[in-house]
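Me: I would like to go through this model and ask what stands behind each label. Please set the values against the cut-offs as you answer.

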Amino acid sequence: MKYSVTKRITKRPYVLLCVYLLAFAFGCKKSEEQGTEPKEKSKPNIIFILTDDQRWDALGYAGNPLAHTPQMDKLAEQGVFFKNTIATTPICSASRASIFTGLHERTHRYSFSSTSIKPSYMKNAFPRLLKEAGYYTGLYGKFGVKYKGLDTLYHEHENYDLRYDRKDITSYYYKTLGKDTVHLTRYTGQKGLEFIKKAPKDKPFCLQLSFSAPHASDNTVEQYFWQEENNHVLANTTIPKANISEDAYYDKLPQLVKDGFSRLRWYWRNDTEEKYQHSVKGYFRMIAGIDNEIAKIRAELEQKGIADNTIIVLMGDNGFFLGERQISGKWLMYDNSIKVPLIVYDPRQDHHEDVDAVALNIDIPSTLLDFAGVAIPETWHGKSLKPLVYAEEKTTARDTILIEHLWDFKNIAASEGVRTKDWKYFRYVKDKTIEELYHLKNDPKETQNLAKDENYKDVLLKLRTKCDALIAHYADRNDLKPEDMSVVTGRTSTFSWNYPTTETQAAFQILVSSSKEKALNNIGDIWDTTKITSTEKSYQVALKSLPKGNYYWKIRVWDALNRVGAYTAPVEVKLK
């Protein structure tokens, strides 16, 4: 008996070991058959939420008492909030083109007036690269860029935006769910829920939800339309007067800004107390509507059991003026316009931080690909923010960034400039002598233009030079570049040019200036043709009123996609 007990005792570890090894082997075999991976090695799902016109401080987390954003705040509290995120071009079409391509507007040259984004730049669009890498991709909402190849980017997609052709509430209420006509925000949220529910289980997904809100319905009297469920937001609140909204701050604006849409849209939305209260409340109520949808999406992720492996990225496409300087809209180079919110929440790592380092909209594609383990194209201008999300790095190693808005549109003054941590410099493309310089560290509201202050002459020159260098660095190498420029003078003057390309010119603009300095600053004080639609490479004009002397001319041309190229260097003209 004693022998028997001893025998059983000595055999037990061996038997247990055999059972364990058999179970492990069976488990591994089952795992191989099912194609599962250890959690830490599986590809994460990605949800990229893009809002329209949400400025950087339109969040409760950013300290704004007007914002009702509990879900966005929760994402920021659980994830990483980038405090200084810049839209390199602060208008929806060009910003979205930059987000898809990872390129500055200076390179892709896409704007509202373009007939299409250049297909070669979309070959590396981040949804396409994710799709090719095995991700199941989807888009619902505002794509925002004219491009016919959405099927090459997404397995599922529905591209829609608010209806600018409508002058009432149906601009936002025209999509249906079942028998109900619903707000576009609710529709986009529901399409996101349906995508998550039926997404394949054998591959990761990347879902883009591009909300039109809180963009105003420009062609309506009301401007803002929100869901009734958000009537409680700011219901008993009187919106305080906007910062720097006194006459003095409007008076400081350049005349070409005062003459444009920035002031016109202020009249639409903010020029009376009644309009101002309605517009600001409407703006934040529409953001609250997006917040409601985020709550539903996160609940669905939990329900499906994939919340702990789904990264959520939230960003605005550009900033927005809410009455500051007595203007509205975006597109200008002030921080109200270029700063946007950015939150990156990765549930796989327990790290929260408010990051001071400057992030850019063009960093988004690199970041998404990095999370997915997909190679980042070397041609992209942005950087992955993943090292900052994981606290592996503290900075993006940027000292100066290029900011610009190049859309050639008479009602919005095109501008270009640079921003550092402490300084901002910008100028207007139509007249580069109109410059603005702000010491952001001491003047965060940008109220004291130091461009003409002799004490800051060296700073101005340094940033102007840096701006020129970045413009040259990011210039589109493939745009139409006129060469062989010549002028034959007589009763009429014939301006001629050529370019070594097989592409077709769609239009041109000629400037004639009284001095080389004015020509360099794009001031056509003698003659400015403005944009002339023509495929011809010569143009005749009578310049009878000109006295004899030396003048300078330059030209820029539009290509077949209606993308405007850069001006040529000025060429001297001698009238005898």
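Me: How do you know that the length of helix 8 agrees with what its 15 residues should span?

Reply: This is a predicted model, and the check is made on its C-alpha atoms. Helix 8 covers residues 184–198, and at 1.5 Å a residue it should span 21 Å. The end C-alpha atoms are 21 Å apart, which agrees.

Me: Why is helix 8 called largely enclosed by the rest of the structure?

Reply: Buried means under 20% relative accessible area. Twelve of the 15 residues of helix 8 are buried, so the helix is largely enclosed.

Me: What makes Trp266 and Tyr267 an edge-to-face pair?

Reply: Two values decide it. Ring centres must lie within 6.5 Å, and planes over 60 degrees apart count as edge-to-face. For Trp266 and Tyr267 the centres are 5.3 Å apart and the planes stand at 65 degrees, so the pair is edge-to-face. By this rule the count comes to 27 aromatic pairs.

Me: Is Trp266 buried or exposed, and what is Tyr267 called?

Reply: Trp266 has a relative accessible area of 11%, which is under 20%, so Trp266 is buried. Tyr267 comes to 39%; that lies between 20% and 50%, so Tyr267 counts as partly exposed.

Me: What kind of aromatic pair do Phe321 and Tyr334 form?

Reply: Their distance is 6.3 Å centre to centre, with 80 degrees between the planes.

Me: Why is the pair of Phe321 and Tyr334 said to tie parts together?

Reply: Phe321 lies in strand 9 (residues 321–322), while Tyr334 lies in the loop between strand 10 (328–329) and helix 13 (335–338). The pair therefore ties together parts that are 13 residues apart in sequence. Phe321 has a relative accessible area of 1% and is buried; Tyr334 is buried with 1%.

Me: What sits over the ring of Tyr334?

Reply: The charged end of Arg325 does, 3.9 Å from the ring centre. The distance cut-off is 6 Å, so 3.9 Å is within it. The ring of Tyr250 has the charged end of Arg263 over it, 3.9 Å from the centre.

Me: What makes strand 15 and strand 16 a pair?

Reply: A pair needs at least two bridges. Strand 15 (residues 415–419) and strand 16 (residues 423–428) are joined by five, so they pair, and they run antiparallel. The bridge partner of Arg419 is Lys424 in strand 16.

Me: How many bridges pair strand 19 with strand 23?

Reply: Strand 19 (residues 493–498) pairs with strand 23 over four bridges, in the antiparallel sense. At least two are needed, so the pairing holds. Ser493 stands opposite Val541 in strand 23.

Definitions and conventions. Residues are numbered from 1 along each chain as its sequence is written. This is a predicted model: local features need pLDDT of at least 70, side-chain atom pairs count only at pLDDT 80 or more; totals for chains, interfaces and linings use all residues. Side-chain values use heavy atoms; hydrogens and water are left out. The expected span of a helix is 1.5 Å times one less than its number of residues. Buried means under 20% relative accessible area, exposed over 50%, partly exposed in between (1.4 Å probe, protein chains only). Rings of Phe, Tyr and Trp (its six-membered ring) pair if their centres lie within 6.5 Å; planes under 30 degrees apart count as stacked, over 60 as edge-to-face and the rest as tilted. A charge sits over a ring if NZ of Lys or CZ of Arg is within 6 Å of the ring centre and within 35 degrees of the ring normal.
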